[in-house]
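Please open the structure in a viewer and keep the sequence at hand.

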Amino acid sequence: MIELDGNAIAGDLLEVFGVDLTEATTVCAACGTSSFMAEAVVYMGGPGRVARCRSCGDVHIVLVTIRGITCVDMRGIARLQMTGMA
Amino acid sequence: MERTAVRRRLNWQLARVVEVVAETSRTKSIALDATDWPGHLAGQHVDVRLTAEDGYQAQRSYSIASAPGDEHLVLTVERLDEGEVSPYLTEELRPGDELELRGPIGGYFVWRESLGGPILLVGGGSGVVPLRAMLRHHRAIASEVPARLVYSARTRDDLLYRGELGDYETTITLTRERPEHWDGRTGRVDHDLLAETAWPPGERPLVYVCGPTGFVEAVAEALVALGHDANRIRTERFGPT
C-alpha cells in the first residue's frame, strides 16, 4: 500500500467539488484535531483511495471511482473550512 | 425535462511531448505542449493517466518542474522499476507522443511571492522537483524574497538539475556516498544540518518540505524542535509511482 498525503487526492476532490481542498481545514470527527486536508495520510492502491487523520488514524475520506464517476464518503470529517494559509 | 449541464472544471486533456531530457540514469524531464493549459502556480502538480489496450487505467500525480512563465510544461519523472506508470514515462515516451493529464492541481504546496519569506526549500530525492519550479519562478520574477534550498540526494549522480543548482543559494548533502573532491555535505538532513543552513526561527521562514514520507516527517520534526512554527511548514510526500 502506497502511503502519501492529501495532495495526492487533490485532483479527485477538485474534479468533484470544483475547488481546491488541499488548503481547507478539516476537523476530525473522532479526535477533534484540526489540520489541513493536504496533511491527511492517504493510502492509494486499494479499490479506492482512503484519507486518514494524521493524529488518530481514523478514516476521514473514502474515494471510489467506478466507470468514471467518483463517489466521496467524508463522514470522518466533522467540519470542513475553506481557509487557506495565504 | 431539460437537464442542467454539469460543469466539469477539471478535465483530462491531451498534451504532446515536445522533448524528453535525461536528468540522471533513472530520471527524465518531459517537456509538454498542452494547448488548453490554463497556467499554473509554482509547486502545483498534475495527474497523469495511462490507458492500456484492454481499458485498464493507472493514474499518478507528478509535480510540475517548470516555472509558470516557462515555454513548456515540464514534468520530471523518476523511474521506479515496480511502478505502473513511471517506467512508461521514462523509457517509452517519445517526442510527438500524446499524454493524458489533468491539472494544475493543489493550492497548499504552492509558493507565491505575496506569501513573503524568507523561504526555505527542503527536498529529498525527486522531492526537489516542485522546489525547482519555485526557484525558477523566483528567479524569473527577480524576487527579492530571500530563498535557500537544502537538497538531499543519494549520490552525486542522482542530483537533478545539476546545471542550475549553482544559480540558487543551495546546500547539497549526499546520503549514500562521499565522493572525492566533494565540497558539499554528506549525511541526512538532520537537526544539526538544519540548525546551520535554515533561516533562524526568529526570522519566521516559510518552509516547503518535499520528499518521501520518512524524509518529510524527519525534517518537519527537526524544524519544529529547532523552534520553527509548525504552521509555517508546508509538506508534500510522495511514494512509489
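Begin by selecting B:Arg148 and B:Trp199: the charged end of the arginine sits over the tryptophan ring, 3.7 Å from the ring centre. The model is a predicted one.

Next, turn to the aromatic rings. How many aromatic pairs does the structure hold over all chains? There are two. For one of them, select A:Phe36 together with B:Tyr108; the ring centres are 5.4 Å apart and the planes stand at 45 degrees, so the pair is tilted. This pair crosses between chains: A:Phe36 belongs to strand 3 (residues 34-36) of chain A, while B:Tyr108 lies in the loop between strand 6 (98-105) and strand 7 (119-124) of chain B. A:Phe36 is buried, with a relative accessible area of 17%, and B:Tyr108 is buried as well, at 0%.

Now select B:Phe109 and B:Tyr208. Their ring centres are 5.5 Å apart and their planes make 85 degrees, so this pair is edge-to-face. The two residues are 99 positions apart and link distant parts of the chain, with B:Phe109 in the loop between strand 6 and strand 7 of chain B and B:Tyr208 in strand 11 (residues 206-212) of chain B. Both B:Phe109 and B:Tyr208 are buried.

The C-alpha atoms of B:Tyr108 and B:Leu165 are 24 Å apart, and 57 residues separate the two in sequence.

The next stop is the sheet of chain B. Display its six strands, which form an open sheet in the order 10-9-8-7-11-12 with parallel pairing. Which strands stand at the edges? They are strand 10 (185-186) and strand 12 (233-238) of chain B; each has a single partner strand, so one side of each is left without a neighbour in the sheet. Within the sheet, strand 7 and strand 8 (residues 147-153) of chain B pair in the parallel sense over six bridges. To inspect one position along them, select B:Leu121, which stands opposite B:Leu149 in strand 8 of chain B.

Helix 5 (residues 213-225) of chain B lies across strand 7, strand 8, strand 11 and strand 12 of chain B, and runs at about 150 degrees to strand 11 of chain B.

Finally, consider the cysteines. The count of disulfides over all chains is zero. Select A:Cys53: this residue is in no disulfide, and the nearest cysteine sulfur, that of A:Cys31, is 3.8 Å away. A:Cys53 is buried, with a relative accessible area of 5%. Then select A:Cys56. Where is the cysteine sulfur closest to that of A:Cys56? It is in A:Cys31, at 3.7 Å, which is too far for a bond. A:Cys56 counts as partly exposed, at 38% relative accessibility.

How values were computed:
Residues are numbered from 1 along each chain as its sequence is written. Chains are lettered from A and ligands numbered from 1 in the order in which they are written. This is a predicted model: local features need pLDDT of at least 70, side-chain atom pairs count only at pLDDT 80 or more; totals for chains, interfaces and linings use all residues. Side-chain values use heavy atoms; hydrogens and water are left out. Rings of Phe, Tyr and Trp (its six-membered ring) pair if their centres lie within 6.5 Å; planes under 30 degrees apart count as stacked, over 60 as edge-to-face and the rest as tilted. Helices (H or I, at least four residues) and strands (E, at least two) are DSSP runs, numbered from the N terminus. Buried means under 20% relative accessible area, exposed over 50%, partly exposed in between (1.4 Å probe, protein chains only). A charge sits over a ring if NZ of Lys or CZ of Arg is within 6 Å of the ring centre and within 35 degrees of the ring normal. Two strands pair if DSSP finds at least two bridges between them. Contact means heavy atoms within 4.5 Å. Axes are lines fitted to C-alpha atoms, for helices over the stretch in contact, and angles run from 0 to 180 degrees between N-to-C directions. A disulfide is a pair of cysteine sulfur atoms within 2.5 Å.
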